[in-house]
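Hi,

Here is the structure I promised to send over. Have a look at it first, and my notes on what turned up follow below.

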Amino acid sequence: MRVRFAPSPTGQLHVGNARTALFNWLLARGHDGTFILRIEDTDAERSKKEFEESILEDLRWLGLEWDEGPDLGGAGGPYRQSDRLHLYTSYANELLAGGHAYYCFCSPQKLESDRRADLAAGRPPKYHGTCRSIGPDEARRRMEAGERAVVRFRVPEHVDVSFQDVVRGDVTFNTDVIGDPVLVRSDGRPAYNFAVVVDDALMEVTHVIRGEDHISNTPRQVLFYRALGFTPPTFAHLSLVLGADHTPLSKRHGATSVAEFRERGYLPEALMNYLALIGWSPRASGGDAADEAELMPLDELARRFALEDVGHSAGIFDPEKLAWMNRHYMKMAAPGRIVAESARYFQARGFLTRKTEAGTAYLESVLPMAVGSVDRLEEVSDRLAFLFAFDVQEALRRPAVAEVLQEAGAREVIAALAAAIDGPLLDREAFRAMANRVKEKTGQKGKALFHPIRIALTGESGGPELDLAVPAIDRGALLPADAGLVKIMSARERAKAFADAVD
C-alpha cells in the first residue's frame, strides 16, 4: 500500500487538509504501507517556499512523519512537481503521438464566448472541440509561426466512465458532460489533473484519499490513466469539514489553519484525535459495535482505522468538542511538557523573563491549579496571572471585587488579615491556621470569611482553591531573584497593601 498527501504551497495548512493527510497516514501505518509527501508547486505565481516549509513543520508537529518526500527523497522522486516538468512533457508527447491529445489554439476570448453561449442555452459549459480536427502538421506550422497552443486530451464521446469509490460506492460519469481538458498550458506547465495522474502512476500510489471536491476530476483522471496504459488506483473521497452553519470551514468560523490552532495552545494529539473522528467512527476491536471510547492516541487510531468505516455525510467542526479533548490531553501530559509548551505565553505577559531550573520547577508546581480548568495552553498563564500580577488599584476597579467589599464584615476580615499572617504560608496547614485566626478575630466564616481573603490576596473574585493558591504565592515570593520570573509579592505584602487601600 502506497498513499500520498500532496499539498500546494500557496498558504497555511488548513485543518481540512490536515484531516486528509491524517486519513492517508492512518491507512498507511495501519497496513504497514508507505506515506508519501509530494509538493504540488506548479502554480509558480502563488507557490512560496515559506509556505512549503510551514506545511512540513505543521505535519511534523502533528506527528504525521512521511516515508518519502522532498526532504527525504525516495525511489519515486523528485517530490516537487516543479522538478518533474520533463516527465509531464514526455507523457504529453506520448499522448499526442498516440492520437489521445491535440494542440488547441483557441483564444481566451473564444473560450469565454463559448462558455457564455452554453450558459445562455442552459447547457453545462464545456470545450466545443474547435481544434479537434487540426492535424499534427498544421499544428506544428502554426506554432512555428508564433501561435501559442495548449495540449488538450481527446475525450472519447458517449462513453460511461466508472470507478469504485471506497466511501461512496460506484460512481459513473458520461463523457458527454466532460469537455476536452487541458493537459499542458501554453507556457509548458502541466494542468493539475494531468500532473497528478503522472505523479501517482510513477510513484506507484495504490490509494488516492482526498476531499470530495475532487470527485468531478476523477473521470478525467481515469481516462488519462487508461490512455497512458496505467492502472487507476483505488479512490476514496472524503466529505468536507464544515462549520456550524454547514458551510465550508473558513475564517469566519474562527481558526482554520493548523498554525492557528498551534498558536492558540492546542496540543497536536488532541487536534489529531478530534480530526480523526470527523466523518469516521472507530469500531470496537473484535466486534461491529461502535466503540464508545473517543480518546485515542495516533497509534491506536491507526490500528483501528478503516476506509470502509468513513461516512459520506459532511462533518461538522465543533470547537467545544475539540476544547474538551484538548483539556483531557493537557491533564494527561507531563508537567514539564506543559510548562515548556506554555512558556511563550508567560513570556508574552512578562511573567517569565528567562528559563531557569528554579523557575521551571515553580511553574510545574503550580500547574495543577490551571490544568483541568482551562481549554488551551494560552489560558494557563491567564489562570495563574494572580501569582505574578497583583495590582490593588486594578483589582478595586473590578465590579466583582467591589461587590465583595460591600458584603457585611468584609472590611473587618481584610483589616485582620495582615496581622494574622505571621510568616510564609507555604502549605495548606499554614493557610488554614491563618484563616482560623482571622475567623476568631472577626467572627466571620464560610463565604463571608473566604471571599474577602481571596480578593485581598489574589485581587480576583474567583480562581483556584485558596489553600492551593496562597501557598503558591508565598513559595513564589521566596524564589531567588535569578529564577527568571517576575518578582512575586508575598501574601503578607498583599494583605497589607490591600488593607491600606481600602482603609
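The charged end of R142 sits over the ring of F105, at 4.2 Å from the ring centre, and R152 does likewise over the face of Y127, at 3.8 Å. To count, NZ of Lys or CZ of Arg has to be within 6 Å of the ring centre and within 35 degrees of the ring normal.

Before you read on: this is a predicted model, where local features need pLDDT of at least 70 and side-chain atom pairs pLDDT 80 or more, while totals for chains, interfaces and linings use all residues. Numbering runs from 1 along each chain as its sequence is written, and side-chain values use heavy atoms, without hydrogens and water.

Now the rings. The whole structure has twelve aromatic pairs (Phe, Tyr or six-membered Trp rings with centres within 6.5 Å; planes under 30 degrees apart are stacked, over 60 edge-to-face, the rest tilted). F153 and F224 are edge-to-face, because their centres are 4.9 Å apart and their planes at 65°. Both F153 and F224 are buried (under 20% relative accessible area with a 1.4 Å probe, protein chains only; exposed is over 50%, partly exposed in between). F261, Y266, Y274 and F317 make up one aromatic cluster.

F317 also shows up in the largest nonpolar core, which has 49 residues (buried Ala, Val, Leu, Ile, Met, Phe, Trp, Tyr and Cys joined through side-chain atoms within 4.5 Å). F317 is among those with the most contacts inside it, along with F23, L26, L59 and L275. Another core, of 34 residues, lies apart from it and includes Y88 and V184.

Cheers
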